[in-house]
Amino acid sequence: MRALGNTSLSRRGFMAASAATGLGAAALSACGSSDSGNSSGKTTVEWWNITTTQPAKKLWAQRAREFEAAHPDVKIKVVTLENEAYKSKMTALTTSGKLPDIFHTWGGGVLQQQIDAGLVEDLTDKVAPWTKQYVPAALAAYRFDDKTYAVPFDIGMVGFWYNKALFAKAEIASPPTTWSAYLDAVKALKSAGITPIALAGKEKWPGMYYWAYLAMRVAGLDAMQKAATDADFTGEGFVKAGEHLKELVALEPFQKGFLGAAYSTPNGEAAAMGNGKAAMELMGQWAPVVEGDAGKGIGKDLGFFSFPAVEGGQGALTEVFGGGGGHAVRKGAPDAAVEFLKFFAEKEFAAKLVKDTGLIPVSKDVRSALTDANLTAVSDALNSATGFQLYLDQAYAPAVGQEINDSVAALIAGSKSPQQVTRSVTEVAKSEKS
Amino acid sequence: MTHSTTSTPYAPELGKVAEPGSVPPAAGPRRPVLRRLGDWLSAVVFTVPALALFGLLVLVPMGYAFYVSFFDWGGFGSPTDVTGFGNYTRLFEDPVFLGDLWRGGLLIGFSIALQLPFALAMAVLLNQELRGRAVYRMLFFAPYILSEVITGVLFGMIFAPGDGLADRLLGAVGLDGLGGEWFAGRDTVLPTLFLVMTWKYFGFHMMLYLAGLQGIPAELYEAARIDGAGTWQRFRHITLPLLAPTLRISAFLSVIFSIQLFDLVWVITTGGPDHASETMAISMVQYGFKRYQMGYASAISVVMFLISLVFALAYQRFVLRRDTEGALTTMRANR
């Protein structure tokens with residue numbers, strides 16, 4: 001009896017103790033992540049980026065080591081996060097008001113939110129001397145009230161990637177530059193038995209590109225800016241944009257089962273292009289890489305043309321829709337942070353990044369480093385751009401961006417009219433503003 | 001459990017008491033008091049950590065979601081913009097959410113009307129003396145073990161329009177007409193999804209039924225056979241009534257699964273095309289983590305919780321009453 005009682009008691013004690021230890025460990029690990037102090041007398045600059053792919057990741061880390069070698073009193077702490085993890089971490093950090101010294105930004109609405117909260121350093125004067133040669137479109141996303149808040153390292157745009165062989169088969173002499181010529185090209189491809197367009201309907205954002213570009217061409221850039229500030233997308237230009245998209249959808253130009261197709265999976269949009277099963281896709285500068293990844297890639301047959309102009313519209317053929325990546329600096333960060341950005345942007349290293357990692361140069365000085373004909377075409381289109389519109393999901397509040405994606409997907413699926421699209425988007429924009 | 005372990009030591013004790021004149025009667029009542037204190041102590045020691053964790057990780061977040069659902073909150077800072085029941089009234093005007101309810105109901109109906117009878121048929125079949133029975137059981141149960149994500153990716157490829165295995169197979173036997181859009185069509189996505197759900201979950205229900213069937217005494221069948229009952233009569237008057245508790249539990253689980261359906265759909269269609277396969281859980285994630293409308297997403301989660309809760313309570317009260325009553329009365333008798 002006694003013995004039994006003892007063992008059961010000691011077992012209880014053991015359980016209680018281990019439970020307590022478990023709780024304690026959980027509590028400890030919860031407060032484990034504390035600030036990085038600079039106990040060694042060195043200045044530590046924390047640099048958060050989202051470059052997870054090789055060889056870029058290796059090159060970036062190397063650049064940090066080179067900077068440390070040149071500045072023995074500075075330590076660059078490189079923190080590389082995956083895209084989605086980065087976004088959610090930054091959301092939390094923005095709330096707490098403590099940002100990393102240097103951090104990745106896409107510009108637009110999110111950066112503006114951080115600026116409004118007084119968390120971002122104004123870099124206008126500090127970077128002006130060495131960003132003179134930058135493509136204006138590259139800086140556009142980071143400029144608010146004529147002040148620059150970040151330094152771009154990457155820029156890109158959306159345009160049509162097309163299969164020259166299939167266009168030739170359909171006897172289309174040259175890529176269309178007007179919307180009516182574009183619709184004719186789609187008809188010609190269809191009657192030649194070729195799927196004109198690959199589209200990832202499941203992911204919604206590729207469909208949104210059509211609506212966004214049409215809105216830019218019909219309503220114009222100023223109207224798009226005004227629509228965002230007034231939270232009113234019901235203007236005639238936006239309805240017209242939807243109607244033009246409807247004209248295209250009515251031709252049934254997309255691949256079979258496009259509503260369920262993803263972008264980069266083995267039977268998605270990029271694979272359809274990469275395997276020569278569709279004649280074109282509206283996509284960003286990364287398209288050739290993904291086409292080769294998800295499909296076989298079409299090599300020399302691949303060409304690029306800008307989104308056609310719409311007859312009677314406010315926008316021009318030379319206005320581009322795109323975005324890129326940049327580095328912003330926390331308010332009150334050590335001077336070494338800006339120093340490092342300058343070091344990172346040096347011509348030789350920028351050229352190396354262009355050559356080895358397929359970036360499109362942000363500085364006109366580095367254009368010669370481009371070897372790929374298609375990327376050169378994109379770069380030239382960006383260099384000669386007369387206007388720039390940032391990706392809508394970054395330019396507008398997240399809910400508005402998502403509603404545009406959603407509504408346009410419904411328009412393409414045939415369940416919403418152009419008027420309904422503008423009304424739903426306006427409704428969400430209004431509720432976000434209030 | 002605690003009752004049985006604490007009551008066993010009484011037996012030798014009582015034996016001791018029965019020994020003539022060895023223990024004074026006063027010692028009798030004192031010991032149980034100590035014991036009761038000990039019981040309380042051990043109960044506290046064992047349950048407090050679990051309760052604390054449960055409270056911290058389940059009750060507090062639930063309460064917070066309930067609180068947040070009365071705000072218009074984007075997830076930044078603390079919620080300040082009170083909207084009262086605004087999020088809830090918005091829910092019942094939102095065609096997507098109303099569609100979620102309709103689709104959820106449809107999936108529940110399909111599950112009960114098709115998936116469970118199918119599972120029952122398979123269970124009855126595999127309960128027979130059959131060569132390789134164990135292999136079949138394992139094969140049919142295997143999909144349930146597979147992770148939802150793997151299943152999703154797998155069937156996404158099988159049902160790829162045009163190039164997928166399904167279309168190729170149909171083409172090879174000359175049935176091209178039956179192939180089609182599968183997950184890519186607004187009208188075909190739900191039936192296709194249900195097909196995958198059935199493939200994935202029927203094995204689980206089949207196992208439940210098999211376990212239930214094992215519990216039916218063979219003598220009953222034997223007696224019925226002697227009385228001249230046919231196969232159908234034996235099934236109708238022995239198998240079904242004696243399997244009823246299992247059937248009721250399995251239907252209950254099936255409904256709860258359907259209400260909370262998320263990962264499979266998220267991987268295959270993310271709710272598309274055009275919301276045609278969206279479930280409540282998917283709407284919640286879309287609004288919460290894509291649009292950062294945390295208040296509205298919380299309202300969806302609260303409604304989801306209430307639907308599950310009301311259903312579970314009503315089901316326990318009206319359908320499972322007989323099954324649980326037995327358990328409760330035994331517990332009372334033990335006490």
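Here are some notes on the two-chain model above, point by point.

1. **Ground rules.** This is a predicted model, in which local features need pLDDT of at least 70, side-chain atom pairs count only at pLDDT 80 or more, and totals for chains, interfaces and linings use all residues. Residues are numbered from 1 along each chain as its sequence is written, chains are lettered from A and ligands numbered from 1 in the order in which they are written, and side-chain values use heavy atoms, with hydrogens and water left out.

2. **Chain A overall.** You'll find 19 helices and 12 strands in chain A (DSSP runs numbered from the N terminus: H or I of at least four residues for helices, E of at least two for strands). Of the 434 residues in chain A, 52% are buried (under 20% relative accessible area; exposed is over 50%, partly exposed is in between, with a 1.4 Å probe and protein chains only).

3. **Surface and contacts of chain A.** Chain A exposes about 19,100 Å², and 52% of that comes from carbon and sulfur atoms (Shrake-Rupley method, 1.4 Å probe; for residues, only the protein chains shown count as cover). Take the contacts in chain A between residues at least 6 apart in sequence: 75% of them join residues at least 24 apart (contact means heavy atoms within 4.5 Å).

4. **The A–B interface.** Here 34 residues of chain B are in contact with 31 residues of chain A. The two chains bury about 2,600 Å² between them, 57% of it on carbon and sulfur atoms (the accessible area, 1.4 Å probe, that two parts lose on being put together, summed over both).

5. Chains B and A share three salt bridges (a side-chain nitrogen of Lys or Arg within 4 Å of a carboxyl oxygen of Asp or Glu). One pairing to look up is K256(A) with D167(B), whose closest N and O atoms are 3.9 Å apart.

6. **Chain B's side.** Helices α3 (27–68) and α12 (263–268) of chain B each supply at least two residues to the side touching chain A. The largest share, six residues, comes from α3(B). By type, that side of chain B divides into 15 nonpolar, nine polar and 10 charged residues (Ala, Val, Leu, Ile, Met, Phe, Trp, Tyr, Cys and Pro are nonpolar; Asp, Glu, Lys and Arg are charged; the others, Gly among them, are polar).

7. **Salt bridges in chain A.** The whole structure has 18 salt bridges over all chains. R65(A) pairs with E68(A), closest N and O atoms 3.0 Å apart; the two are about one helical turn apart because they sit three residues apart in helix α2 (residues 56–70) of chain A. R65(A) is partly exposed at 41% relative accessibility, while E68(A) is buried at 17%. In another pair, R143(A) and D146(A) bring their closest N and O atoms to 3.9 Å; R143(A) is partly exposed at 35% and D146(A) exposed at 65%.

8. K416(A) bridges to E403(A), closest N and O atoms 3.7 Å apart. This pair links distant parts of the chain, 13 residues apart: K416(A) is in the loop between α18 (398–413) and α19 (418–433) of chain A, and E403(A) is in helix α18 of chain A. K416(A) is partly exposed at 25%, and E403(A) is buried at 8%. Salt bridges with shared partners join K204(A), E403(A), D406(A), K416(A) and R291(B) into one network.
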